[in-house]
Amino acid sequence: MKNIALLAGGFTGEYEVSVNSAKNIAASLDASKYKVYTIYVNRDRWIHDAAHGVVDVDKNDFSITLDGEKIKFDFAFITIHGTPGEDGKIQGYLDMLGIPYNTCDATTSAITMNKAYTKTIVNGIHGLHTAHSMRLFEKDMHDVAIIAATLKFPLFIKPNNGGSSVGMSKVYNVAGLPDALRKAFHEDEQILVEEFIKGREFSIGIARLNGKITVLPATEILTTKDFFDYEAKYTSGVTKEVTPADLPAAQVELIADIVTEVYIRLNCKGMVRVDFILLEGSNDFYFIEINTTPGQSANSLIPQQVRAAGMDLGEFYGTLIEGAI
């Protein structure tokens, strides 16, 4: 029986989303193999909600004490969106203590949280395109005329870090830029302004299972909103998700090759999710971003894709744990 610390919460607006992911993972894992302890990570405290009340985590050795017994963990299952679980901070802490975990390492987690750095690394993969973009820092001057002269409208403005879709805008002309920049800078001190790619939007999970990189069936995201923002992501009825996506076999194969190369080049571990767009009127694959702690609530994309692949979700999570240990 292995003791699993299931890390949830975090310091961002996606705290509740993370807690829902944790509930689904805990319910899915094989109880005969794994004893799961959910750890809620807040800025001031890391706690476990035990039967007799709340227990603090001893961060010196990442343990908890229940009924006078010290419990140490064989494995950490991180399901925190944004900081500190998606950006490499917790990974660095666990590395120092020698505790294995399910996600990418500290370096890859930190790099992939930065959309601009990630695009630079995946650039040049055969068949992969990236939208033209500019990265802006809050402390620099932002001349809207320079942006308008460099990039073609419509434009997407979004925080460069940030795991979720908060602070995003779509802008059709120069007049809309100042407000959109303000909104994005409210979320992050560096932002990305990129050309809008019109086409079908997809998301696809990739995981290393039993030593082999496995590409899950893709999901097509159909939204009635102008783009897939936080509201579209978390409001029922606004977005329709089709898994597996309606794509010809040759295209599925091509996409699998591209995302496998992304996984290898970024040195990913465990399960990740790549979001991409197929440009209208072409087969061109445009990379949007990679998510290294994708949502795991019952109707999240990865669980949908695991089921579509004919796999058992609990077995899938178990394989991730065994592969990392």
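1. Let me start with Lys119, which touches Thr130, Ala131, Ser133, Glu194 and Phe287, leaving out residues up to four places away in sequence; contact here means heavy atoms within 4.5 Å. Lys119 sits in helix H4 (residues 115-122). Lys119 is buried, at a relative accessible area of 7%. On that scale buried is under 20% relative accessible area, exposed is over 50% and partly exposed is in between, using a 1.4 Å probe and protein chains only.

2. Some ground rules. This is a predicted model, where local features need pLDDT of at least 70 and side-chain atom pairs count only at pLDDT 80 or more, while totals for chains, interfaces and linings use all residues. Residues are numbered from 1 along each chain as its sequence is written, and side-chain values use heavy atoms, with hydrogens and water left out. Helices (H or I, at least four residues) and strands (E, at least two) are DSSP runs numbered from the N terminus.

3. Next, helix H8 (residues 249-265). H8 has 17 residues and spans 24 Å from its first C-alpha to its last, close to the 24 Å expected at 1.5 Å a residue; that expected span is 1.5 Å times one less than the number of residues. Its buried residues are Gln251, Ile255, Ala256, Ile258, Val259, Thr260, Val262 and Tyr263. They pack against H4 and against strands E8 (128-130), E13 (199-209), E14 (212-215), E17 (271-279) and E18 (285-291).

4. Which residues have the most contacts inside the largest nonpolar core? They are Val262, Val274 and Phe285, in a core of 25 residues. A nonpolar core is a set of buried Ala, Val, Leu, Ile, Met, Phe, Trp, Tyr and Cys residues joined through side-chain atoms within 4.5 Å. E13, H8, E17 and E18 are the elements giving two or more residues to this core, and H8 gives the most, with five. Leaving aside neighbours within four places in sequence, Val274 is in contact with Phe202, Ser203, Ile204, Ile206, Val259, Val262, Phe285, Phe287, Glu289 and Ile290. Apart from this core lies another, of 22 residues, including Ala5, Ile71, Ile78 and Tyr101.

5. Now a helix pair. H1 (residues 15-28) and H10 (residues 313-324) pack at about 95 degrees, with axes 8 Å apart; the axes are lines fitted to C-alpha atoms over the stretch in contact, and angles run from 0 to 180 degrees between N-to-C directions. The two helices are therefore roughly perpendicular, a label for angles of 65 to 115 degrees. Asn24, Ile25 and Ser28 in H1 meet Leu313, Gly314 and Tyr317 in H10. By class, that contact has three nonpolar, three polar and no charged residues. Here Ala, Val, Leu, Ile, Met, Phe, Trp, Tyr, Cys and Pro count as nonpolar, Asp, Glu, Lys and Arg as charged, and the others, Gly among them, as polar.

6. Two cis peptide bonds to check in your viewer. The bond from Thr83 to Pro84 is cis, with omega near 0 degrees, and Pro84 is in the loop between strand E7 (75-78) and helix H2 (89-97). The bond from Thr243 to Pro244 is cis too, with omega near -5 degrees; Pro244 is in the loop between strand E16 (239-242) and H8.

7. Finally, positive phi. Asp67 is not a glycine, yet its phi is positive, about 50 degrees. Asp67 is in the loop between strands E5 (63-66) and E6 (69-72) and counts as exposed at 68% relative accessibility. Asn267, in the loop between H8 and E17, has a positive phi near 55 degrees. At 39% relative accessibility, Asn267 counts as partly exposed.

Terms used: Parallel < 35°, antiparallel > 145°, perpendicular 65-115°, else oblique.
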